Amino acid sequence: MDSREGDPLSVFRPLPPQPQDPPAAEDDAEKLSGSSDPDSDDEAGASGQTEMDFLRNLFSRTLGLGSEKPEKVLDELSLEGVSNFMLSDKCKKVVCMVGAGISTAAGIPDFRSPGTGLYANLQQYNLPYPEAIFEINYFKQHPEPFFALARELYPGQFKPTVSHYFIRLLKEKGLLLRCYTQNIDTLERVAGLGQEDLVEAHGTFFTSHCTRTLCRKSYSLDWMKEKIFSSLIPKCEKCQSVVKPDIVFFGENLPSRFFSLMQSDFRDLDLLIIMGTSLQVQPFASLVSRAPTNAPRLLINKEKTGESDPFMSLMGFGSGMDFDSEKAYRQVSPQGLGPGQAQGVGGHSGLGHHPLAGGGLTDVAWIGDCDAGCLALAELLGWKKELEELVKKEHAAIDAKSGQAVGDGASASVREQKPKTSPRKESPLGGEEE
């Protein structure tokens with residue numbers, strides 16, 4: 001994906017495995033049971049601490065069980081209804097869950113889109129299957145494809161999108177409790193979110209460690225960056241094993257911060273906003289089911305996702321989101337339609353004209369581009385001009401900074417004035433070097 005603060009390579013945030021993926025990687029139970037990682041005890045404790053609350057939420061949302069009648073939270077199941085709730089004194093803590101879809105407008109490919117996704121364009125690396133490039137066991141034996149990809153896609157030129165800056169505005173308005181991101185592009189950091197604002201569920205490029213269990217020597221971002229751009233496979237200075245950035249590969253544990261903060265964050269949130277994710281990767285996708293029953297859940301995505309049958313939800317493999325059932329009307333805004341032209345579900349049409357059917361059922365989907373969805377919501381909140389000015393100002397600052405760097409590089413080139421005449425040759429990573 002991309003990055004900036006420290007320039008971590010972000011496009012390589014592997015989506016942890018799905019049921020059909022070859023290695024079963026990021027399954028909660030599998031990780032917590034068989035890991036020798038010192039953080040595993042903390043994860044297990046955090047995971048089990050409120051398991052009964054989690055099950056209550058699942059039963060309540062999925063089967064409608066519970067003695068108390070849910071409170072009517074949204075005045076209408078639409079983007080306008082969500083905006084009204086956000087402007088009320090009932091909405092004080094917003095949690096965002098984001099995936100690769102919020103970064104595609106920055107020029108970073110997502111993983112699974114046919115033809116354009118990252119997995120569809122890895123033929124040059126001769127992998128047994130696309131996901132192998134992010135599998136820890138394959139990486140230890142064949143690290144070359146991953147580092148070749150890292151060198152090719154190093155995201156120095158990427159800028160945060162409107163969606164990133166919308167989350168920044170939530171922070172500035174005092175509404176953001178936490179942003180849970182699947183991305184490793186660090187564009188959330190570039191947009192102005194701090195360490196405390198973020199849970200980078202799939203790791204980070206800021207630090208790296210030796211892959212040998214008995215060594216685990218740590219290395220800095222600058223050290224890793226130098227190795228990658230020298231076309232060298234990073235090797236541990238102590239034991240000569242391969243060194244890997246601290247991003248989560250298939251077959252590895254998620255950071256302990258993910259397990260410790262999700263307990264309180266998803267218990268206390270007033271609104272959950274989900275953007276740019278397929279909600280197919282566990283355990284990240286299961287976070288949606290941890291939201292309180294009366295907390296609205298807004299999906300901004302190119303397609304509806306997160307829906308599952310009751311049995312799968314109860315087993316912890318789905319979020320149980322409901323946009324289309326007869327028991328609750330769910331408003332969907334298709335991409336490409338102008339304001340007021342949104343088509344509803346179940347024969348309704350016209351965005352924002354249908355009252356909540358069945359108090360407490362609070363799932364709303366806005367279908368379309370994430371940036372467009374954020375702008376539409378910002379307009380309803382009265383923040384659109386502020387958001388547009390923030391994007392313009394921050395992008396100008398990034399351009400000025402990168403322009404200075406380009407200028408310095410150009411000056412150095414002029415001083416050298418030496419044409420390169422040596423033939424190109426294959427680098428150790430399969431690219432070309434002078």
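Some ground rules before the structure. The model is predicted, so local features need pLDDT of at least 70 and side-chain atom pairs count only at pLDDT 80 or more, while totals for chains, interfaces and linings use all residues. Residues are numbered from 1 along each chain as its sequence is written, and side-chain values use heavy atoms, with hydrogens and water left out.

Start with the whole chain. It has 13 helices and 11 strands; these are DSSP runs, helices being H or I with at least four residues and strands E with at least two, numbered from the N terminus. Of its 434 residues, 52% are buried. Buried means under 20% relative accessible area, exposed means over 50%, and partly exposed lies in between, with a 1.4 Å probe and protein chains only. The accessible surface is about 19500 Å², and carbon and sulfur atoms account for 50% of that; the areas come from the Shrake-Rupley method with a 1.4 Å probe, and for residues only the protein chains shown count as cover. Contact means heavy atoms within 4.5 Å. If we take contacts between residues at least 6 apart in sequence, 72% join residues at least 24 apart.

Now the sheet of 6 strands. What is its strand order? The order is β3-β2-β1-β7-β8-β9, the sheet is open, and the pairing is parallel. Its edge strands, β3 (198–200) and β9 (363–367), each pair on one side only. Two strands pair if DSSP finds at least two bridges between them. From one strand to the next the twist averages 15°. Axes here are lines fitted to C-alpha atoms, for helices over the stretch in contact, and angles run from 0 to 180 degrees between N-to-C directions. Strand β2 (residues 176–181) pairs with β3 in the parallel sense over 3 bridges, and Tyr-180 stands opposite Val-199 in β3.

Helix α10 packs on this sheet, touching β1 (94–98), β2, β3 and β7 (271–275), and its direction makes about 140° with that of β2. Helix α10 covers residues 256–268 and bends by about 40° at Met-262. That bend is the angle between axes fitted to the seven residues ending there and the seven starting there. Met-262 is also one of the buried residues of α10, as are Phe-258 and Phe-259.

Next, helix α7, residues 162–172. Why is α7 described as largely enclosed by the rest of the structure? Because 9 of its 11 residues are buried. Among them are His-164, Phe-166 and Arg-168. After α7 comes Gly-174, with a positive phi near 80°.

The largest nonpolar core has 46 residues, and those with the most contacts inside it include Cys-96, Phe-166 and Trp-383. Such a core is a set of buried Ala, Val, Leu, Ile, Met, Phe, Trp, Tyr and Cys residues joined through side-chain atoms within 4.5 Å. Helix α7 gives the most to this core, with 6 residues. Leaving out residues up to four places away in sequence, Cys-96 touches residues including Ile-167, Leu-170 and Ile-273.

Last, an open sheet of 3 strands, antiparallel, in the order β5-β4-β6. Neighbouring strands here are turned by 40° against each other on average, direction ignored. Strand β4 (residues 203–210) is joined to β6 by 4 bridges, and Cys-210 has Val-243 in β6 as its bridge partner. Helix α9 (residues 221–229) packs on this sheet, touching β4, β5 and β6, at about 75° to the direction of β5.
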